[in-house]
Structure formats: structure tokens, C-alpha cells
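Reader: Please take a close look at one part of this predicted model. I would like to start with the strands and then go on to the packing of side chains.

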Amino acid sequence: MSFESVQKIADAVLFEGYILYPYRPTSTKNRQRWNFGTLYPREFAQAQQPEEPWSFHSEMIVEGVPESTLDFRIRLLQLVPAATKDTGELDQGEWDQGAVRSWTLSGLRVSEILRGMHHQLLAENLATEAEPAGELSFPAALSASLTLHAEVLSTGVYRVSATLSNETPRPGAEPWLRRTAGQSAFTSAHLLVHVEEGALISLLDPPANLAAFASTCNNRGVFPVLAGDPGSRSEMLCSPIILYDYPQIAAESAGDFFDGTEMDEMLALRVLTLSDAEKQEIRRGDPYARRILERTESLPEEHLLKVHGALRGMAPPGISPAQPVGDPIQPWNPFEEKPPLDSITVFGVELRKGDRVRVWPQKRADIMDMAIEGRTAIIEAIEQDLEDNVQLAIVLEDDPGKDLGMLRQPGHRFFFSPEEVEPIKLEVS
């Protein structure tokens, strides 16, 4: 099983926080690794105060039959001392580069998983995916334990669980050090799942008849979301970062910057402003960081315009992107002028510009709300914001600067919602 349809988003999870701007290993923020979902060797993790993570557990709902088959792929980064360009020997500095490694178990039938399965995953079964650094010398032989279990919830409905633990032994007789533990850790560990002759169920938006089953699923360290092509239910990503179903990489992105909380445009511009000395350090440093620099320096100007912003996939609340939308929401035009409101009904009374009201602030946002409470005012305007919320612009009757308020000057004109004003009926003589 190749998992090609989820490769990009899985790689984004794998490298989130791997190395951050300014992408120099000597940068203060890069002296501490920021990867999500790191599982340390059990012996090291249990000796820490407090105990650090050494395993994750995921549960998912599967519709199928006993002959349905499941494929599992565990992916992680193993941190490896970088080899120097001049000698090829390992750099004993503080920076370790990441190598993408994986274990794959294919064709496991639901009937087998129902009986319980325990797999000891050894270093010789660990695949190394293509790396830009070429040959790598791994300082630790990773070892893992994967326990699979399934139970019948109803006819054709199963809860499947997967527990992964890092059982890598100490590489020598010396006590664990943080760096050696990091080189034996499962960094950014996550799990990919594929089903044949069955379907995986969203835990975020399950069908009504399966919602009760979905609510009983227990996940620790990772959370499963549907992945791949929207609408497909054959693949799931158990991620250490909470995602929505069918997460996607923006089509405008030319490559990963390892920081999903920042915009590609901003990071690209920042990289271009680095000094020659900083760029030279990046070129001599981590190969993934070097790739970012080379890609950014070769970007055409029109690419920056593409990553400035995009609007897509808008749908009414409660409608998932995979569902057809009968009346799609039109793109928002911030310059579109809306006709002003002539009047609004408050407590059964129609109010217009120039009418008198008594103000009763409800939000108590600041001391002015307390000072204005119970005072009479004149409606200067009835306005609507971009979300169609109505606001009454009022000017206090006893304000010495009332004329400035009528000229819409700040400090003499206040905004309140219709629920915060009381109409004052005209006295009849």
C-alpha cells in the first residue's frame, strides 16, 4: 500500500516544527526541537519527572466484514547527527537532521485483529524513505511494539484500536542523555490506515446511527481523521496534531516551511531578507533548510501573489466540503455597498433616525457603559456591519458636545445593539 493520496499532508505533519525560521541550526529557537508527537524510549521516558510520552493509542470505527483487510503504516523521523561535507564524519554539534522512517503491515483481516495481534517491529524491518542527505549512519537501532485489537459493536461495525510504544533499548552502558534519547525517539510519530472492502468512519462528523459508537473511542497522543480524496472513506491519518477530516495542502504552496501557523508569503519574504552570512550557514546546515532557501530564492514574483490569499470551499454551516451545496455562498466583496436601514423594530416600537431612546448597556465592556446607563439619547444612525449585525449609533441628549456627536466625531457618538436601548414614547399633551 503506497498511501500516495495522503502523502503530502502526512509529510506536513511529520515535519511540523522540524526547523523554524530563520532556519539556522544555531538559532536560539532551533536549539530546542519543536516537533509534535515525539515518543521517547520507554526506559528514558519513565525515568523523567514528570513521565514523558513513550506510546500512543488510537481507536477508530470501521464498517465492514470479517474478511475486510486493513493496512497500517507507522511513520516517524529519526534524528541523526549530520555528516560534515569535508570529511563525511558525523558532526558532534547540537543539531541532528531528520530521516524519514516507516514500518508497514499490510493485508491484516478484521477476523485476525478480533483475536488480538501483537507485533514486535525491529530495526531490520524499518524502511528509510528517500532523503536529500544521501547515506546516513543511524546512531540507534529503533525497536517498537504495535498492539492491534478489534471488537464487534454491532453487525458490520467494529472498533479497531492500535497502540504503538517505543521499546528501543539504551544504545550502550552509559546513562541516557537527552540527545541520545532524542536519537532513539520516534519524532513526529503518526499512523496511516487503509481499509479494503470496508469503510472508515469520521469521529468528528459520524453518521447519526454510529455517533454513539464514535463517542466511545479513546485516543491518546494522536487523533484519527479521514484523509485522501474528499468523500473517500478508505484512508485515515492518526495525527499528533488535531486536524479536520480531509486536510489538504494549499495548491498555491510551493513547498513546506515547517511552520503551519505562519503564511508561506511571510516566510518566503523573510527568507529573502536574510543576510549573506545567514544564507551561507543555511547552505552548510540541514539539507531540508537548504532546500527551503534554494526554492525561495528561485521563486518567480508571480508566485508571491498566488500565496497572498485565496478563498475556496465555502459552504453553509453544517455542510461538509464533501457534500453537494445547492446554493453555494458567493465570495465576500468587502467593497459592496449595502442599502442603509431606514428603521428597526425594538420591543414592538419602530425606531428611526432622530428618535429618542434610553440606554441600558448589557456588555459592561468598560466604565463608559456604567456612566451611560439609564441616560437618554438620540439615534444618529442605524448601521449594519459586514456580518449583518445591527448597531444603533446614539448621541447623549445631555452631552455638552452633542453637536460633535451629530457630526460623527469620536468620543461623542456611541454604538449599542437594539437589545440595549429602550424606546421612549412621545408624550401626548
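Author: Start with the open sheet. Five strands form it, in the order E4-E6-E7-E1-E9, and the pairing is antiparallel. E4 and E9 (199-201) are the edge strands, each pairing on one side only. From one strand to the next, the twist averages 30°.

E1 and E9 run antiparallel and are joined by three bridges. Here Val 62 stands opposite Leu 200 in E9.

Next, the packing. The largest nonpolar core has 34 residues. Phe 72, Trp 103, Ile 113 and Phe 186 have the most contacts inside it. Several strands give two or more residues to this core, among them E1 (55-63), E4 (117-121), E6 (144-154) and E7 (157-166).

Take Ile 113. Neighbours within four places in sequence are left aside here. Ile 113 is then in contact with Leu 70, Phe 72, Leu 108, Leu 148, His 149, Ala 150 and Val 160.

A second core is separate and has 22 residues, including Leu 14, Ile 19, Trp 95 and Tyr 288. Two of these names return among the rings: Trp 95 and Tyr 288 belong to a cluster that ring pairs build with Phe 15, Tyr 18 and Phe 258.

The count of aromatic pairs comes to eleven. One of them joins Tyr 18 and Phe 258, edge-to-face, at 5.6 Å centre to centre and with 85° between the planes. This pair links distant parts of the chain, 240 residues apart. Tyr 18 lies in the loop between helix H1 (7-15) and helix H2 (42-46). Phe 258 lies in the loop between E11 and helix H6 (264-272). Both Tyr 18 and Phe 258 are buried.

Phe 258 also pairs with Tyr 288. That pair is edge-to-face as well, at 6.4 Å centre to centre and 75° between the planes. Tyr 288 sits in helix H8 (residues 287-297) and Phe 258 in the loop between E11 and H6, so the pair ties together parts 30 residues apart in sequence. Phe 258 counts as buried because its relative accessibility is 4%, under the 20% cut-off. Tyr 288 counts as buried too, because its value is 7%.

Charges over rings complete the picture. Arg 33 lies over the face of Trp 95, at 3.8 Å from the ring centre. Arg 295 lies over the face of Phe 257, at 5.0 Å from the ring centre.

Definitions and conventions
Residues are numbered from 1 along each chain as its sequence is written. This is a predicted model: local features need pLDDT of at least 70, side-chain atom pairs count only at pLDDT 80 or more; totals for chains, interfaces and linings use all residues. Side-chain values use heavy atoms; hydrogens and water are left out. A nonpolar core is a set of buried Ala, Val, Leu, Ile, Met, Phe, Trp, Tyr and Cys residues joined through side-chain atoms within 4.5 Å. Buried means under 20% relative accessible area, exposed over 50%, partly exposed in between (1.4 Å probe, protein chains only). Helices (H or I, at least four residues) and strands (E, at least two) are DSSP runs, numbered from the N terminus. Contact means heavy atoms within 4.5 Å. Rings of Phe, Tyr and Trp (its six-membered ring) pair if their centres lie within 6.5 Å; planes under 30 degrees apart count as stacked, over 60 as edge-to-face and the rest as tilted. A charge sits over a ring if NZ of Lys or CZ of Arg is within 6 Å of the ring centre and within 35 degrees of the ring normal. Two strands pair if DSSP finds at least two bridges between them. Axes are lines fitted to C-alpha atoms, for helices over the stretch in contact, and angles run from 0 to 180 degrees between N-to-C directions.
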